[in-house]
Amino acid sequence: MRILFDSRNTAYKTPFGTLRRGERCVLRLEIPKDCGAVGAKLMLEDCDGAAAGEFPFEKEPACGRSGYAAYRCAFAPKANGLYFYWFYVNKKEGGFRLFRQGSDTNMEAGDKWQLSVIPEDFTVPDYARGAVMYQIFPDRFFRSGACDLTAKLRPFSLHERWEDTPRYTADEAGNWCSDFFGGNLRGVCEKLPYLKELGVKILYFNPIFMAFSNHRYDTANYKRVDPMLGTEADFQALCAQAHRMGMRVVLDGVFSHTGSNSVYFDAKHLFGNGALSDPNSPYRSWYRFRRYPNDYDAWWNMPTLPNVEELEPSYVNYVIEDDDSVLAHWLGLGADGFRLDVVDELPDEFVARLKRRLRALKPDALLIGEVWEDASNKRAYGVSRRYFVDSELDSVMNYPWRKAIIDFALGNDDGSALGECIMTLAENYPPQVLHCVMNLLGSHDTARILTVLGDGGFVGSKAEKAERFLTAPQRAEAVGRLRLASFLQFTLPGAPCIYYGDEAGVEGFEDPFCRRTYPWGREDKDLLSWYHALTALRNGMETLRLGDVRVTVAGGGRLAFTRRTARERVEIYVNRTAQRWQLSAADALCFASGADFDGVRWSLEPNGFALTKSAEPA
């Protein structure tokens, strides 16, 4: 007989998941009577393994489970932070430690349970909770008219055909990423009706600041729109029109490094007073020179991306604190928030200051971080990050769920790993974060989702990948898998994010092939209709936007989970087995693919999925 404790079951831990500072938490252990236990203690540790408190359990008068005695502990953490805990079970002579082993407990070996304690006033913008997002790579979305390229950093080339393959080699002078298609802000503004009809609520832009490259992660001027994209007035007009249509605008903030060809560094001596071109530059202290001027610290040792000293006072003032700081400048023009590139390379103090200033400038501004792992316990450079426990971020990119969904859709997981991944983040992330976490299947840093689901195992050269597309059978299978994967993406908690063109059937391997242009006039109409159906379902059902989540079935090729609010409960089912799966006869079918009704109850065919509404009260 095992000692019983399950941190995801409110019979053993209340409340579920994270705690607010000072919030009372109740834990229960059920210990076999023949174990000889006479008591127990909760052992709390901080994120570095140092003791943070011991709390005794008291024996309850009755257990309700034959052969067991129940013990109860109540405590209220006084400081926010990331904690881990285990138990010590006392016996008349000695005792033993109790750890976590999967969903069970184990003596003397296993893992510790995680507990995040967040500030009591941690809030996220209401509009972000459950909102449909859309990611735009500006150069490749849509081109409207021509822009004044007089000040565009050179050299650059413009593709004559919108349908061209992005260049995957350096140009004649050795420059990378210097080919452009001419997508611009006026083009996005022209397509806002399309995005509104698609059901989009938040637009997330890859960088729009002046830069040399087509991806623009090599910032040349934080306070200027890249000339290829248009003007400040174009951006202002875009934001105003988006707001009138009920959409918010989030920009990419690249603050861990700048471009070498920039106002601030000026490696090519174009601007006149950058840190490399002028020893007395006001930006000299922003950079880490090992030996001036040509030996300096750079992002991933790329000389075109010199790292900055984020906590250098003049840099902090320029980006965050000045009256016309980078934050103030863009929020003043209409932006509604930022996504922080490589946030794990930004010091917590910098992120916290940025968040405070962001909210002071615009109380409902949104801050998203690029994190590829579980952000609640992320460690970077030997330090546990405080993204949630200090309410630094409202949201993060949800790569863990992306990987788990793809593995399930491909049949590499029978559902057990996906179910565990869902509940791990539901337990570890504050509920307000979970409701606006950026759920993605593709991004500018990943191969296109159709390619992943149809030909992701292909290993070849860049030249081979440049012109490799799915065969008709591969594409049919990939589309079927994408329907299943996107159904999960849109029914799980968070903000489902569409990477531009995924809804239209764009294919492509990793960068730069995942950054092809949007195929205007050549869209996959059936797939586009499917995404319209998903966004309509999402936007029309409050429970999908705001409800909690509990996995009820995970394994054997099947997955089921519940979404619930105080007023309603819905059930989501996905069948990856070769057999039919009969659903509850009492539930009403609301949305399905591959569902069949025999006159009594619904069943799911192989690869079928469904959303039902429970006849029972929530």
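Q: Which residues touch the most other members of the largest nonpolar core, and what makes this set a core?
A: In this predicted model, Tyr-134, Phe-235 and Trp-330 touch the most other members among the 147 residues of the largest nonpolar core. The set is called a core because its members are buried nonpolar residues joined through side-chain atoms within 4.5 Å. Helix α12 gives the most to this core, with 8 residues, and a second, separate core of 27 residues includes Ile-3, Ile-31, Tyr-71 and Val-117. In soluble globular proteins, nonpolar side chains tend to be buried together.

Q: How do you know that the span of helix α8 agrees with what its 13 residues should give?
A: At 1.5 Å a residue, helix α8 (residues 416-428) should span 18 Å, and its end C-alpha atoms are 18 Å apart, so the two values agree. Its buried residues include Leu-418, Cys-421, Ile-422 and Leu-425, with Glu-427 and Asn-428 also among them. Among the elements that cover the buried residues of α8 are α7 (399-409), α12 (472-491) and β28 (548-555).

Q: Why is Ile-368 called buried, and what is in contact with this residue?
A: Ile-368 lies in strand β22 (residues 366-369), and its 1% relative accessibility falls under the 20% cut-off, so Ile-368 counts as buried. Leaving aside neighbours within four places in sequence, its contacts include Met-133, Phe-338, Leu-340, Leu-393 and Met-438.

Q: What makes β21 and β22 a pair, and where do these strands stand in the sheet?
A: Pairing requires at least two bridges, and 4 bridges join β21 (residues 337-340) to β22, so these parallel strands count as a pair. Phe-338 stands opposite Leu-367 in β22. The open sheet of 8 strands has the order β25-β22-β21-β18-β15-β12-β27-β26, with parallel pairing, and its edge strands are β25 (395-396) and β26 (438-440), each of which pairs on one side only.

Key. Residues are numbered from 1 along each chain as its sequence is written. This is a predicted model: local features need pLDDT of at least 70, side-chain atom pairs count only at pLDDT 80 or more; totals for chains, interfaces and linings use all residues. Side-chain values use heavy atoms; hydrogens and water are left out. The expected span of a helix is 1.5 Å times one less than its number of residues. Buried means under 20% relative accessible area, exposed over 50%, partly exposed in between (1.4 Å probe, protein chains only). Contact means heavy atoms within 4.5 Å.
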